[in-house]
Amino acid sequence: MEVRSTLRYAKISAFKVREVTRAIQGLPVSAALDLVAFSPKKAAGLISKTLKSAVANAENNANLRVDGLVVKEATAGEGPTMKRMMPRARGSGSRILKRTSHIRIILTDEIEIKTRDKKKGGKKSGAKKAAKKAARTTDTKAAKETSAAEASESNEQKSET
């Protein structure tokens, strides 16, 4: 089931928000909350607020468990732009655009949470590397022996003629 939350008319440009929304897309809710909590951007605070609202909607309205939720979609669309004027030289004026954005987050419990398998029992990769190295050294030894045998055969053929 999908649960959504929207923050409308946030006073930040959508371009700045999209950087953070792309980072949390596809993550489990706990990982997404951790990511925005430690992000130094202004957009992270607004996204955190929206994400917590979506989690509350999932718990209270849809009776879903929080630990099974994944951020399916996190988007930032452009809201209305406020136009202001700033006086400039020689009696002219320039336009200032104060952009706003709409932040939408969709959570779902239908996507499986993928986690990395933790390594057990120490250095397996080191053992694999050692095995590969041993195989290479035995291969090079065998190659040297065959090249030595071929050289001795060619010497014998030269001595016969």
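Reply: Start with helix α2, residues 29–37, in this predicted model. V29, A32 and V36 are buried there.

Me: What makes the buried residues of α2 line one face of the helix?

Reply: Look down the axis of α2. The buried residues fall within an arc of 60°, so they line one face.

Me: Which exposed residues does the face turned away from the buried side of α2 carry?

Reply: That face carries S30 and A37. Exposed requires over 50% relative accessible area.

Me: Where is T100 found?

Reply: T100 sits in the loop between β4 (93–98) and β5.

Me: Why is T100 called buried?

Reply: Buried means under 20% relative accessible area. T100 has 6%, so the label applies.

Me: How do you know that the side chain of T100 makes a polar contact with P80?

Reply: The side chain of T100 reaches the backbone oxygen of P80 at 2.5 Å. The cut-off is 3.5 Å, so the pair is within it.

Me: Which residues is T100 in contact with, leaving aside neighbours within four places in sequence?

Reply: Y9, A10, K11, I12, G77, E78, G79 and P80.

Me: What pattern does the chain follow along the sequence?

Reply: The order is β-α-α-α-β-β-β-β-α. That chain has four helices and five strands. Of its 161 residues, 24% are buried.

Key: Residues numbered from 1 in each chain as written. Predicted model: local features only at pLDDT ≥ 70, side-chain atom pairs only at ≥ 80, totals over all residues. Heavy atoms only, no water. Buried < 20%, exposed > 50% of the residue type's maximum accessible area, 1.4 Å probe, protein only. Helix = DSSP H or I, 4+ residues; strand = E, 2+ residues; numbered from the N terminus. Arc of directions from axis to C-beta. Polar contact = N/O pair within 3.5 Å; in protein donor to acceptor, adjacent residues only side chain to side chain. Contact = heavy atoms within 4.5 Å.
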